[in-house]
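Please look through the sequence and the structure shown here, and then follow the explanation below one step at a time.

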Amino acid sequence: MISRVKEFKDKELEYEEWCEKHQNGYVFNRAGGKTGNVLHTVGCWHLNVPSRKGTYTTRYPKYCSENLADLLSVVDGLSKPNSWRECSICFNK
Ligand SMILES: [Zn+2]
């Protein structure tokens, strides 16, 4: 894991703090499977659902970076043996 990508797994407070400090950052949700690996921006509503607050990193690990290129350099490996996609909402594609 390159140093500019942070892993948050069962680290809810640290994750929330990171998002607070990096509001223009990126969050990769490694939920696994064929459709679960998704790249989001910090502000995406998917990452801010009140009923999921407090369980974001306990349900699935999150990989976060301010730098999209840094994060993109690890998402292929993290997604194995599956692939990943960009969230169509926050990447607006
Ligand atoms: Zn999103």
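Strands β2 and β3 form a hairpin with six residues between them, where strands are DSSP runs of E of at least two residues and helices are runs of H or I of at least four, numbered from the N terminus. In the turn, glycine 32 has a positive phi of about 80°. This is a predicted model, in which local features need pLDDT of at least 70 and side-chain atom pairs count only at pLDDT 80 or more, while totals for chains, interfaces and linings use all residues. Residues are numbered from 1 along each chain as its sequence is written.

Two strands count as paired if DSSP finds at least two bridges between them. Five bridges join β2 to β3 (residues 37-41), and the two run antiparallel; tyrosine 26 has threonine 41 as its bridge partner in β3. β2 is also joined antiparallel to β4 (residues 62-65), by four bridges, and there lysine 62 is the bridge partner of asparagine 29.

Because four of the five residues of β2 (residues 26-30) are buried, this strand is largely enclosed by the rest of the structure; buried means that 20 or more other C-beta atoms, placed from the backbone, lie within 10 Å of the residue's own, whereas 12 or fewer make it exposed and counts in between partly exposed.
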